[in-house]
Amino acid sequence: MENLLRWGLANSDPRDPNQPPPQPRSDLDPAIIDMILGKPDSELMKEALAVAVDESKDEDDRLQALDNFEMLIEQIDNANNLEKLQMWEPLHSLLTNPTSSSDIQTQVLWILGTAMQNNPAAQRSYLALSPLPTLLSFLSPTVRSGKTRSKAVYALSGLLKHNAAAVREMDGAGGWDVLRSALQDSDISVRRKVAFLLNSLLTPTGSEPDVEEDAPAPANVQQPLPVPTSTEGVAAAASSSASASTSASPSSSTAPASHPQSQAVTLHPTESSDPTPEPSSSTATPTLAPAQPVHPNSHASMVSDPRSAATARATASALERTGLLSALVSAVTQPVPHGPDGEREGDADFEEKVLRGLHTYATSGAGAGAKGARSLKALPQEDGRAFVRYLEEQERREGGEERLAERWNFTRDEVRELKEAARASAA
């Protein structure tokens with residue numbers, strides 16, 4: 001190795017420090033470089049969108065361009081660039097343009113749903129265009145294409161999930177009434193997606209406003225980030241910790257504190273050399289980690305304000321006010337035939353998604369029952385009795401709770417909870 005080093009030094013070409021640095025070559029064709037290395041995604045997005053909005057282009061070329069665009073924005077960085085590249089408005093215009101074909105609109109709805117999926121930054125950017133009335137209009141029975149209606153639910157889901165601001169606008173746009181009607185859509189895939197969307201919106205995030213603190217947290221609660229994100233947050237945490245330590249009893253100060261396990265996903269975990277915390281005395285000064293900065297990324301708003309992702313309380317209230325709760329029950333107790341000519345009856349997947357939504361509503365504590373009580377009391381008594389009869393009949397057909405749980409992908413406890421909530425509504 002030493003001989004090799006000597007040889008390298010002897011055969012190196014030491015450059016004069018006064019010599020100017022080498023200049024980049026100017027005889028290279030940029031087109032050839034792009035052909036070898038490929039164009040940046042931002043350039044590909046610009047080219048694809050330019051073709052898509054050009055009405056002089058062939059329809060197939062425009063659809064292919066939109067398909068390419070959708071694949072590009074599957075990457076969250078490219079989806080976040082939609083605002084920087086000022087592409088939200090042209091995409092939305094393709095939906096509202098009366099000359100856009102059904103296929104073009106379907107493809108744009110697909111793009112919108114993909115771009116906003118689990119992306120608060122994209123949700124906020126698109127919501128600024130007040131798009132709810134437009135998206136909801138594609139769920140009208142006058143829209144003949146079931147595929148278009150299905151993609152409209154996909155786009156609506158991308159906008160509403162974990163987006164409290166968008167959910168608040170649903171009342172003014174008449175969105176809950178549209179979803180209620182969509183539960184009877186002739187295309188069963190539309191019904192399934194609506195039922196799944198409602199269950200997602202009903203699932204608590206752990207930061208719901210006005211939820212009782214002593215309410216037991218259901219298994220499907222998604223916990224918020226438990227890290228202070230500002231100086232004020234750290235000060236509040238210090239005050240809370242100090243109050244807790246001074247109020248502790250002498251006997252408890254000598255015993256290790258019991259820390260419930262959390263399944264929360266920590267976006268910015270802190271390192272610790274010892275995973276087991278040492279017992280703290282009542283006189284010890286609380287030690288707090290430094291304030292965690294909110295980095296400018298797609299989820300910054302959710303981290304800085306976890307309640308911006310809380311949709312369960314508002315959705316439960318809407319279900320009670322607009323008759324959606326009764327519509328969900330009727331969807332399984334009195335299923336409307338589906339298919340182009342209404343020739344098909346029943347659908348196991350749709351039934352499972354509806355029942356999951358009802359179970360989430362009844363057990364999450366966001367509904368009419370206080371403190372997490374299992375309740376469907378907002379149901380009219382007649383609907384509650386019909387639901388009890390339905391559950392009893394299904395249990396008889398399957399031969400018991402265990403088989404019924406397997407059919408619905410429930411646990412036996414979840415089946416019992418649903419039965420208990422149904423009986424409470426029928427009482």
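**A helical chain and its buried parts**

The buried residues of helix α19 are Leu324, Leu325, Ser326, Ala327, Leu328, Val329, Ala331 and Val332; buried means under 20% relative accessible area, exposed over 50%, and partly exposed in between (1.4 Å probe, protein chains only). Helices (H or I, at least four residues) and strands (E, at least two) are DSSP runs, numbered from the N terminus. This is a predicted model, in which local features need pLDDT of at least 70 and side-chain atom pairs count only at pLDDT 80 or more, while totals for chains, interfaces and linings use all residues. Residues are numbered from 1 along each chain as its sequence is written, and side-chain values use heavy atoms, with hydrogens and water left out.

Helix α19 covers residues 324-333, and because eight of its ten residues are buried, it is largely enclosed by the rest of the structure. The cover over these buried residues includes α13 (175-182), α14, α18, α20 (348-363) and α21 (381-398).

One of these covering helices, α18 (residues 312-322), holds threonine 315. Threonine 315 is buried, with a relative accessible area of 0%. Leaving aside neighbours within four places in sequence, threonine 315 is in contact with Val167, Trp176, Leu198, Leu201 and Leu202; contact means heavy atoms within 4.5 Å.

The next topic is the nonpolar core, a set of buried Ala, Val, Leu, Ile, Met, Phe, Trp, Tyr and Cys residues joined through side-chain atoms within 4.5 Å. The largest such core has 84 residues, of which Phe69, Leu112 and Phe387 touch the most other members. Helix α14 (residues 188-202) gives the largest share of this core, eight residues. Phenylalanine 69 touches Met45, Ala48, Leu49, Leu82, Met87, Leu91 and Ile111, not counting residues up to four places away in sequence.

Taken as a whole, the chain has 23 helices and zero strands. Of its 427 residues, 38% are buried. Among contacts with a separation of 6 or more, 71% are between residues 24 or more positions apart.

The average pLDDT, the predictor's confidence in each residue from 0 to 100, is 80, and 72% of the residues score at least 70. Helix α9 (residues 132-137) has the highest confidence, at 98, and helix α16 (residues 250-253) the lowest, at a mean of 42. Over residues 240-283 pLDDT stays under 50, and the model has 19 contacts beyond four places in sequence for them. Residues 368-373 also stay under 50, with twelve such contacts. Where pLDDT is low, the predicted coordinates should not be read in detail.
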